[in-house]
Amino acid sequence: MSGHKRYRSRSIRDISGDIALDCVSLAAVSLIALPGDAAISRVLADLGGRLHADRAWMFEYDADLARFRNTHEWCARGIRSHVEDLQDAPVSMIGWLQRSLLAGKAVMIDDVSTLPPAASALRREMLRQLDRSVLSVPVFHGGRLRACIGFDTVRELREWSDAEAAILAVCGRMIAEARYGAPDVRRLARQDSAPLVYIGHGGTIRGIPFDQIVGIRSQRNDTMVWLDDGSVIVDRRPLAAWRDLLPQARFPSIHRTAIVNLNHVSGLDKHAGAGFHWQVRLRLVEDDWPVSRQHRKTVVERLGL
């Protein structure tokens, strides 16, 4: 025993070379060192690059799990970003996927083109983004589904491994604690800082959160703005100015004279009146609004139909 060494030294790089450990440790460092959104973006970039994905992304749900929105995305060089495409999209668009996410299951789609008929809306959206393989992992906090993180491949098909899903799941748990584990006062502060749009009315300027706008219609050179408290305000700006002002993913044009907030669409009638004109029903608005032929495809896609 006298000649036996009782000590060793090894490079940190050598002993931490396992890619799973490497990914998780880098995620932990980013979440500690960087502010919230920047940390999540860094985590997705590290994961996507190290695991050879074409995109790494995160979407979050509203409080009722009725809608979701893309919040973070990393893309490999030459891959198109789609982070702005799905904002306040209905969960019905991902209904087939949603059932598994709610059950706490990772969903490994090795070939998007083989998705079943029940996933037709999801398949259509994935193919629109040129996705070939997609990995989705749910993110829970406080016993509630809060978000989903995942990978896309565009350039080739990918057979996802359990290990890759496990890495995403562990990083998702860390993201959840960092993002949703803040004290209530900090969560309220984030809600209070929601962006406002300002409308002049009766000699005063009123700041209104985007979510309170139900719809907007042109009236000669002015616009009529319907709000979720049932009131209607005349605004002096033309409809074209509102198209530039509002996020189009949430506020699509449905006619040359009208813009709607998808969060307030309560129904779609494809057989309204003579000639089978399309019309949408809006909460707190008495009359249905027409959908012109050129905007039908956008309305259907945004409603997840």
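I count Ala, Val, Leu, Ile, Met, Phe, Trp, Tyr, Cys and Pro as nonpolar, Asp, Glu, Lys and Arg as charged, and the others, Gly among them, as polar. The model is predicted, so I note that local features need pLDDT of at least 70 and side-chain atom pairs pLDDT 80 or more, while totals for chains, interfaces and linings use all residues. Residues are numbered from 1 along each chain as its sequence is written, and side-chain values use heavy atoms, with hydrogens and water left out.

**Cavities.** I searched a 1 Å grid over the protein atoms alone for cavities, sets of points where a 1.4 Å probe fits but cannot get out; lining residues have an atom within 4 Å of a point. Grid points are joined across faces, edges and corners, and a volume is the space filled by probe spheres set on the points. I found two cavities of 30 Å³ or more.

**Largest cavity.** Its volume is about 260 Å³. I listed 20 lining residues, with Trp57, Phe59, Asn70, Leu86 and Gln129 nearest the centre. The lining has 10 nonpolar, five polar and five charged residues. I took helices (H or I, at least four residues) and strands (E, at least two) as DSSP runs, numbered from the N terminus. Strands E1 (55-61), E2 (67-75) and E5 (133-141) and helix H5 (120-128) each supply at least two lining residues; E2 gives the most, four.

**Second largest cavity.** I read a volume of about 70 Å³. Met93, Ala121, Arg124, Glu125, Arg128, Glu301, Gly304 and Leu305 line this cavity. H5 supplies the largest share, four residues. By class I have three nonpolar, one polar and four charged.

Key:
On a 1 Å grid over the protein atoms alone, a cavity is a set of points where a 1.4 Å probe fits but cannot get out, and a pocket is an open set with protein on both sides within 12 Å along at least five of seven lines; lining residues have an atom within 4 Å of a point.
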